[in-house]
Structure formats: structure tokens, C-alpha cells
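Welcome, and thanks for taking a look at this one with me. Below are a few notes on its inner spaces and its aromatic rings.

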Amino acid sequence: MAQTDYKFEGWMGLDPSAAEGKMVWQEFQPKEWEETDVDIKVTHCGICGSDIHTLRSGWRPTAYPCCVGHEIVGTAVRVGSKVSGGIQIGDRVGVGAQSESCLGRLGDCEECASGQENYCSKKVVGTYNSIHYDGSKSYGGYARYHRVPGHFAIKIPSATPSADAAPMLCGGATLYSPLKHNGCGPGKRVGIIGVGGLGHFGLLFAKAMGADKVVAISRKMGKKEDSLKMGADLYIATDDEPDWATVNARSLDLIVSTVSSTKMPFNDYLGLLKTGGSFVQVGLPEDGGLFAPVRSLMRRLKLQSSLVGSPNEIREMFQLVSEKGIRPWVQEIPMKDANKAIVDMEDGKARYRYVLVNE
């Protein structure tokens, strides 16, 4: 018999000051229950940079009150009768950055039909600060419980600890997807810009996928030792090596950039690519767009974007994680200390992902 007498409560941002460590713990109303839904008792929730951008209304005005967190792992405590995928009460399940797509309910959608729900042509519903198809608000995983449409609930493989799985559901998938779609593997030389919560997944995955060469690119030398331990073959510190752009020109087939700033040396980064190479931007700046046409025109470079991962891509990622024994660098923090954790993360103290843990 499913338990249903629990309350949905969590850390709520009430205004932009929430990003300064001023979230408030309070009850919230989840979407109305449907037989396609799963309720999760949250045990772990990763802290993603998107959480902080949203709490402070960085990308766009946030619909307060807002409970963030879209790297959710916990136990299924209620499973609707129409949920497919074999999820049962008691299973360990996770939710990433997306909670819903049209799935063909609003007419033809090539993206949903082809397993690319993360690019749904009708409406992508974010796990928080979004509006479900029934008109209700979505609330995230800095909470005790979470309700999600079952199509976007992912069973967590037994080999992957919950604290490891949580940040993979968004951060990991965000790097796995562009690496996969650009053929990362033997014969490819891959650069990852930004050695942080996102970028460290790029190093781990590119190495596990068999890239010939993995290059970590950061501003300072401080993360060199960590990067080499994660699998990088070469480390480039752009602030500390004056000739880095010349020395490493045309040396890479693929670059994935996790940097969320328009102030990066974009043209110099493009100079690292060989003719026909690909540059994928996954970091989303708050202060405008990124564009560098001259470099790309000169050498038939491909500029791409990439958005999280579809449910099937997340499952593929976990299969790779299980096969290769990939372990992200995480630090577990009690859920009660979430306010301090988001401030510390914004200050760059995470090495490399914080994961909130419910007691």
C-alpha cells in the first residue's frame, strides 16, 4: 500500500536574496496527482549552478516562491497505475532537469517521437520554476518529497551510490550528451573548458569513452593536479601560460565549454580546433550571448548548443558509469545546511559537486 500521508516541504526562495543564503523552509503544493506520476522521498539532491542562477533571477525573472534542485535521488513511495518503465514502490529513482514534455499529446512532435524529449517542440517543463501541462507550478528537490511525471523518473543502477548519481542527473547528462553526439571516443582529441561541477564530468566521461587525448582548460594552474587525476592528458591554464593559444593551435577535434561568461577568450578557444572541428557551448551566461563568426568561417568550424539529456540518454550515461566505474567528485552536505552550501558554491569552494542529504 502506498504511503500518502506525507507533506511536501522544502527550501523556498522568496525573492532574489535567496541566492545569498536566505531560503526559507516551508510547505508547498505539488502538482495534482495523476496516475502517470511518481512520488519520491528525497534522500539526495545535487546543487547545480542553475539553482543559483534561478534563485537570483539571473536568467529571467523567477516565479517566487521557488524550490530549486533538479538532481534528485530518492525512494519511490507512490507509483501511479499508468507509469511504465518498471518502477515500483521502494525503487531508487532519480529526476534530472526536465520533468515533462508533450509526448505527442499536443499533436505531432518529431523530437518526442524520436526520443529527444529534451528538445520537445511544444513545451519543455523544467523540474522547478516551470509550469506543468496541468497548469501547476513545478517545485524542485531541496525538499523532503518530490512529485514527477513517471516518464521522467529514472531508475538508478544498483552499482551507483545515490550521492554519485544525484549530480549526474543534470551535470553529468549535460556533458555526456554533447560528447556522445559528437562521437567522443577513439580517434578524437577533446578539450573541456572549465574544471568545475560541470567540466569535471567532461574529463571523467571523455576519458571513459576512450578519447585519444583529453585536455582540461582553465584560467589558473590551481586545478591541474585534480584534472590529471580525473583523466586529463594535458592541462592548459590560460591566465598563466601566455602562449597557450599559439602552442596548442589546431590540436583538438571537439571542445565542450562549460563557462557561463561572455568574457571568455572565445576566438582563442576556436583557434584550438582543427579544420572541421566542433565547439559546443553548454554554459549559459546571464549577461548576453556568444558569437564569433570570423574564426568559424575561416575553417568550417561547427558551433553547437546542447541542453541537458533525454531520459534515454541519462540511462545510457548510467550504463557507462556502471561499466567504467566512474566516480564523480562529490561532497555531501546535510539538507539543513543548504543555505550555507549555495553561498559556498557561488564562492567556488565546491570540489566539485555539492550534494544535499536528507537526514
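1. A word on terms before we start: a cavity here is a set of grid points where a 1.4 Å probe fits but cannot get out, and its lining residues have an atom within 4 Å of a point. Please also keep in mind that this is a predicted model.

2. The structure holds 2 cavities of 30 Å³ or more.

3. The largest cavity has about 90 Å³ of space. Its lining counts 13 residues, with G96, A97, Q98, G309 and I314 nearest the centre. Helices α3 (162-181) and α9 (311-324) each give two or more residues to this lining, and α3 gives the most, with 3. Here 9 lining residues are nonpolar, 4 are polar and none is charged.

4. Now to the rings, where the count comes to 11 aromatic pairs. Y6 and F8 are edge-to-face, because their planes stand at 65 degrees, with ring centres 5.7 Å apart. Y6 and Y145 are stacked, with centres 4.3 Å apart and planes at 15 degrees. Y6 lies before β1 (9-12) and Y145 in strand β8 (residues 145-149), so this pair ties together parts 139 residues apart in sequence.

5. Y6, F8, F28, Y139 and Y145 form one aromatic cluster.

6. Lastly, two charges sit over rings: the charged end of R78 is 3.8 Å from the centre of the W33 ring, and that of R105 is 4.5 Å from the centre of the Y133 ring.

Key
Residues are numbered from 1 along each chain as its sequence is written. This is a predicted model: local features need pLDDT of at least 70, side-chain atom pairs count only at pLDDT 80 or more; totals for chains, interfaces and linings use all residues. Side-chain values use heavy atoms; hydrogens and water are left out. On a 1 Å grid over the protein atoms alone, a cavity is a set of points where a 1.4 Å probe fits but cannot get out, and a pocket is an open set with protein on both sides within 12 Å along at least five of seven lines; lining residues have an atom within 4 Å of a point. Grid points are joined across faces, edges and corners, and a volume is the space filled by probe spheres set on the points. Helices (H or I, at least four residues) and strands (E, at least two) are DSSP runs, numbered from the N terminus. Ala, Val, Leu, Ile, Met, Phe, Trp, Tyr, Cys and Pro count as nonpolar, Asp, Glu, Lys and Arg as charged, and the others, Gly among them, as polar. Rings of Phe, Tyr and Trp (its six-membered ring) pair if their centres lie within 6.5 Å; planes under 30 degrees apart count as stacked, over 60 as edge-to-face and the rest as tilted. A charge sits over a ring if NZ of Lys or CZ of Arg is within 6 Å of the ring centre and within 35 degrees of the ring normal.
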